[in-house]
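Please keep the sequence and the coordinates at hand while reading.

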There are 2 protein chains.
Amino acid sequence: MVSTTAPLDAELIAVVAAVTARMPRVLTLETGISLPSGPFESVHRSLQSGVRSWVERQTHHPLGHIEQLYTFADRDRLENSGPRRVISVGYLALTLEFRRDPAPGVGWWSWYRYFPWEDHRQGPPPVLAPILGALERWATRASGTAERRERRRRYRHAFGVGGLAWNEEWVLQRYELLYEAGLIAEARRRHPGTEPGRDSPPTGEAMVQDHRRILATAITRLRAKIKYRPVVFELLPPTFTYLELQQAVEAIAGLRLHKQNFRRLMVQQKLVEPTGAIEVQTGGRPARRYRFRREVLLEQAPGGARLPQAKGRI
Amino acid sequence: MVSTTAPLDAELIAVVAAVTARMPRVLTLETGISLPSGPFESVHRSLQSGVRSWVERQTHHPLGHIEQLYTFADRDRLENSGPRRVISVGYLALTLEFRRDPAPGVGWWSWYRYFPWEDHRQGPPPVLAPILGALERWATRASGTAERRERRRRYRHAFGVGGLAWNEEWVLQRYELLYEAGLIAEARRRHPGTEPGRDSPPTGEAMVQDHRRILATAITRLRAKIKYRPVVFELLPPTFTYLELQQAVEAIAGLRLHKQNFRRLMVQQKLVEPTGAIEVQTGGRPARRYRFRREVLLEQAPGGARLPQAKGRI
DNA sequence: TCCTTTAATGCTCATTGTGAGCATAAGTGA
DNA sequence: TCACTTATGCTCACAATGAGCATTAAAGGA
């Protein structure tokens with residue numbers, strides 16, 4: 001199993017997420033157009049420690065919870081890649097935003113700057129209508145009835161058009177559909193000749209290479225995970241009110257939640273415990289402050305079992 | 001972002017799974033001690049196509065559904081690794097077992113040959129008792145009360161000792177605990193000096209390098225995924241009875257399921273439809289045969305929502 | 001032929017979980 | 001004091017789930 005491959009580099013890329021002022025944010029370089037990244041080097045003990053060291057070096061930001069996202073290596077992934085091939089290992093980190101001493105160009109930008117169609121907290125965002133219009137035109141442009149119908153089905157499904165429900169988890173799917181439809185700047189950069197077009201809708205800020213796709217992958221992952229693992233707490237200060245907790249979840253999911261039922265869920269699952277402190281600056285009745293019960297990470301409740309297990313004799 | 005790293009190889013490793021004769025199986029080389037793998041080469045269009053081509057070349061087995069598992073690269077991962085570093089990208093493939101024209105040394109082995117403590121279909125397997133005994137001795141050996149108590153808590157939690165429930169998904173966690181406790185042959189290979197010991201329990205067949213850990217990762221993933229995505233059908237022939245379907249799920253989960261409720265779940269979720277055919281060789285009343293409704297992959301029901309979404313005005 | 005065994009299939013019932021929304025409490029500022 | 005805002009408690013209908021009883025339909029002897 002000795003290899004004789006072409007030269008190859010491994011790159012580490014980090015999506016570092018935080019929530020502040022009710023906005024989910026990502027840590028970026030170069031004023032918002034790229035994610036922290038760097039080569040995997042021999043000094044690094046592991047991929048994870050490599051990611052930590054690159055992020056800390058480039059942004060001066062310490063990382064908390066971190067998990068592997070995905071490994072990307074399509075041949076035509078990078079523009080202007082020379083003879084070397086690159087494998088990129090993406091990581092997702094969750095932290096608190098921390099502003100002291102940032103490196104130049106480093107900033108925290110709202111996810112929704114890159115994916116404006118993803119924020120449904122006030123209902124469907126205004127950018128959605130022109131996007132759906134452009135997708136419909138894309139479907140119409142298809143050659144052949146079958147392909148036309150298929151394109152229509154796909155975009156309606158992905159964006160929850162008509163009676164279909166909006167599924168907040170399908171971030172990557174929606175991004176890739178827009179990419180395929182030529183509505184994403186990165187796609188036009190890669191396949192010159194397809195011009196923006198006068199009636200092309202705004203589809204968020206672009207990023208370098210495929211960083212925006214990696215961000216979409218991270219959002220997809222986080223929106224899914226938040227439902228079955230207590231990861232929100234990595235994004236919150238040590239104590240918080242139920243409203244702050246709910247707003248963090250809402251920011252990530254891009255959805256409004258039912259307040260009383262959200263509270264009931266927290267109570268049932270015993271994820272938090274009151275600190276005894278009371279927050280008075282609520283704009284209404286004072287709220288209790290809570291803290292995350294770290295013990296639940298050890299108890300590790302197994303989400304919702306979907307298998308009808310047989311218990312006794314059968 | 002030009003890199004000047006040490007030479008690096010990327011290796012692709014596949015866990016190819018199937019279910020036959022009520023046993024979950026993995027496709028192996030060298031009579032069961034290694035997984036199909038090979039370097040990522042410049043001819044490969046993508047990581048995925050590289051995996052396909054290596055598996056097909058080494059085993060003569062075509063692959064169906066395939067997904068990325070994890071990327072491994074700890075510095076001390078490989079024994080006797082020279083100056084080059086290796087990144088391994090693991091993939092999980094689901095297929096039907098196919099026996100014509102296998103390459104020499106290629107075989108399908110039950111998962112439970114490598115993880116005998118994981119099959120709880122007939123209740124806790126006999127190997128479990130001596131393993132728990134050895135884990136208790138490992139806990140006792142700890143220096144300091146706190147460490148002793150912590151070890152005890154960890155193994156009891158992972159293996160569902162006492163009142164705690166057995167969680168079939170924690171395959172990797174259990175494997176790593178046994179590894180840490182020095183009860184896994186691979187661990188002793190890596191850290192010589194720790195001898196097997198007379199009363200060391202049987203802990204399954206070993207594999208080359210860390211292939212067994214990759215297999216554990218794959219089982220963990222599959223056991224989790226089977227609950228919220230219709231992936232079992234990739235492991236079944238085009239038509240099947242409810243019992244065959246249930247037994248495939250049971251084989252993977254290593255658990256017995258409640259027959260009537262399993263059936264009800266299938267009916268509710270509309271995952272299958274009757275073919276009209278009747279299977280008579282059941283040993284009892286004849287059973288209807290069903291087929292998977294491929295359309296559900298397009299409908300893509302969003303599993304169980306765990307967020308209390310607000311629908312109307314709030 | 002009738003009885004026993006083995007599965008397949010249908011159905012019930014208690015319990016728990018979820019969606020929606022009413023009602024009350026306890027602050028703030030006019 | 002009133003209007004307004006958020007916090008918190010609680011109810012009610014309905015869906016989902018765990019357990020298990022009951023019936024149906026085949027095979028294989030006695």
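**Helix packing, chain pairing and DNA surfaces**

In chain A, α4(A) and helix α5 (residues 171-180) pack at an angle of about 145°, with their axes 9 Å apart. Helices (H or I, at least four residues) and strands (E, at least two) are DSSP runs, numbered from the N terminus. Axes are lines fitted to C-alpha atoms, for helices over the stretch in contact, and angles run from 0 to 180 degrees between N-to-C directions. The model is predicted: local features need pLDDT of at least 70, side-chain atom pairs count only at pLDDT 80 or more, and totals for chains, interfaces and linings use all residues. Residues are numbered from 1 along each chain as its sequence is written, while chains are lettered from A and ligands numbered from 1 in the order in which they are written.

The crossing of α4(A) and α5(A) is left-handed; a crossing is so called if the near helix is turned anticlockwise from the far one by less than a right angle, and right-handed if clockwise. On the α4(A) side the contact is made by A:Arg154, A:Tyr155, A:Ala158 and A:Phe159, and on the α5(A) side by A:Gln173, A:Arg174 and A:Leu177. Two residues are in contact if their C-beta atoms, placed from the backbone, lie within 7 Å. By class, this contact holds four nonpolar, one polar and two charged residues. Here Ala, Val, Leu, Ile, Met, Phe, Trp, Tyr, Cys and Pro count as nonpolar, Asp, Glu, Lys and Arg as charged, and the others, Gly among them, as polar.

Helix α4 of chain A (residues 145-159) also packs against helix α3 of chain A (residues 128-141): their axes come within 8 Å and cross at roughly 160°. That angle makes α3(A) roughly antiparallel to α4(A). Angles under 35 degrees count as roughly parallel, over 145 as roughly antiparallel, 65 to 115 as roughly perpendicular and the rest as oblique. The crossing of α3(A) with α4(A) is right-handed. From α3(A), A:Leu132, A:Leu135, A:Trp138, A:Ala139 and A:Thr140 meet A:Arg148, A:Arg151, A:Arg152, A:Tyr155 and A:Phe159 of α4(A). Six nonpolar, one polar and three charged residues make up this contact.

In chain B, helix α3 (residues 128-141) and helix α4 (residues 145-159) have axes that come within 8 Å and cross at roughly 160°. These two helices, α3(B) and α4(B), are therefore roughly antiparallel to each other, and their crossing is right-handed.

How are the two chains related? A rotation of 180° with 0.0 Å of shift along its axis superposes chain B on chain A, with an RMSD of 0.0 Å. That is the relation of a two-fold axis. Copies are superposed by least squares on the C-alpha atoms of residues with pLDDT of at least 70 in both. In chain B, the C-alpha nearest the axis belongs to B:Leu8, 3.2 Å from it. The same surface serves both copies, since 100% of the contact residues of chain B recur in chain A.

Across the interface, 48 residues of chain B are in contact with 48 residues of chain A. On the chain B side, β1 (8-20), β3 (37-39), β4 (65-72), β5 (85-94), α8 (242-253) and α9 (259-269) each supply at least two residues. That side divides into 24 nonpolar, 14 polar and 10 charged residues.

Of the 22 residues around DNA strand C, A:Gln260, A:Arg285, B:Leu243, B:Gly284 and B:Arg285 come nearest; a residue is near a strand if its C-beta atom, placed from the backbone, lies within 6 Å of it. The surface near DNA strand C divides into seven nonpolar, 10 polar and five charged residues. Around DNA strand D there are 23 residues, of which A:Leu243, A:Gly284, A:Arg285, B:Gln260 and B:Arg285 come nearest.
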